[in-house]
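Here is a quick briefing to read alongside the model. Have the sequence and the 3D view open as you go.

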Amino acid sequence: QVQLVESGGGLVQAGGSLRLSCAASGSIFSRNAMGWYRQAPGKQRELVATITSVASGGNTNYADSVKGRFTISRDNPKNTVYLQMNSLKPEDTAVYYCNHRTFTIPPRDYWGQGTQVTVSS
């Protein structure tokens, strides 16, 4: 079992910045991915950014809509992932969910409770 605790959401004006944090605890295998997904009202949950563990290459992946504005990083000894969000736009408004994916067979996903990000125009 993996538990995820998120923080850092809030209200910000367009063009502003926020930094989200997510700390994972529990049974953490060395090969895994962590990331951020978001869901706006009435819309599907979508990938924002992911990053694999050092053992899995430390590779990042971003949605096209956030490339150049958001940066995902992780502190591997602390099993913590961050999302630095700059140049925020109203369309970034959503509930942001932290995700932890194991590379076990079968793989398994764990989710945080979500943190609200609201960008005003």
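Leaving aside its neighbours within four places in sequence, which residues is V117 in contact with? The list is G9, G10, L18, L20, M85, D92, T93, A94 and Y96, where contact means heavy atoms within 4.5 Å. Keep in mind that this is a predicted model, where local features need pLDDT of at least 70 and side-chain atom pairs count only at pLDDT 80 or more, while totals for chains, interfaces and linings use all residues. Residues are numbered from 1 along each chain as its sequence is written, and side-chain values use heavy atoms, with hydrogens and water left out.

- V117 sits in strand β11; strands here (E, at least two residues) are DSSP runs, numbered from the N terminus, as are helices (H or I, at least four residues).
- The relative accessible area of V117 is 0%, so V117 is buried; buried means under 20%, exposed over 50%, and partly exposed in between, using a 1.4 Å probe and protein chains only.
- One of its contacts is L18: V117 and L18 are 99 residues apart in sequence, yet 8.5 Å apart in space, C-alpha to C-alpha.
- Another contact, A94, is also the bridge partner of V117.

**Strand β9 and its partners**

- Strand β9 covers residues 94-102, and because 7 of its 9 residues are buried, the strand is largely enclosed by the rest of the structure.
- With strand β4 (residues 32-39), β9 pairs in the antiparallel sense over 8 bridges; two strands count as paired if DSSP finds at least two bridges between them.
- Within that pairing, W36 is found opposite C98 of β9.
- β9 also pairs with β11 (residues 115-120), again antiparallel, over 3 bridges.
- β9 runs into β10 by way of a hairpin of 6 residues.

**The disulfide**

- There is 1 disulfide in the structure, meaning a pair of cysteine sulfur atoms within 2.5 Å.
- Its two cysteines are C22 and C98, with an S to S distance of 2.0 Å.
- The pair ties together distant parts of the chain: C22 belongs to strand β3 (residues 18-26) and C98 to strand β9, 76 residues apart.
- The link of C22 and C98 is left-handed, with -85 degrees about the S-S bond.
- Both C22 and C98 are buried.

**The open sheet**

- 4 strands make up an open antiparallel sheet, in the order β1-β3-β8-β7.
- At the edges are β1 and β7, each pairing on one side only.
- From one strand to the next, the twist averages 15 degrees; the axes are lines fitted to C-alpha atoms (for helices, over the stretch in contact), and angles run from 0 to 180 degrees between N-to-C directions.
- β1 and β3 are paired over 6 bridges in the antiparallel sense, and E6 stands opposite C22 of β3.

**The nonpolar core**

- The largest nonpolar core has 28 residues, and W36, L83, M85 and Y96 touch the most other members; such a core is a set of buried Ala, Val, Leu, Ile, Met, Phe, Trp, Tyr and Cys residues joined through side-chain atoms within 4.5 Å.
- At least two residues of this core come from each of β1 (2-7), β3, β4, β5 (46-52), β7, β8, β9 and β11.
- β3 gives the largest share of this core, 4 residues.
- L83 touches L18, R19, L20, W36, V48, A49, F70, T71, I72 and Y96, not counting residues up to four places away in sequence.
- As background, nonpolar side chains tend to be buried together in soluble globular proteins.

- Most residues other than glycine have a negative phi, and most peptide bonds are trans.
- I105 and P106 are joined by a cis peptide bond, with omega at about -5 degrees; P106 lies in the loop between β9 and β10.
- N79 is not a glycine, but its phi is positive, at about 50 degrees; N79 sits in the loop between β7 (70-75) and β8 (80-85).
- S87 also has a positive phi, near 50 degrees, and belongs to the loop between β8 and β9.
- S87 counts as partly exposed because its relative accessibility is 40%.
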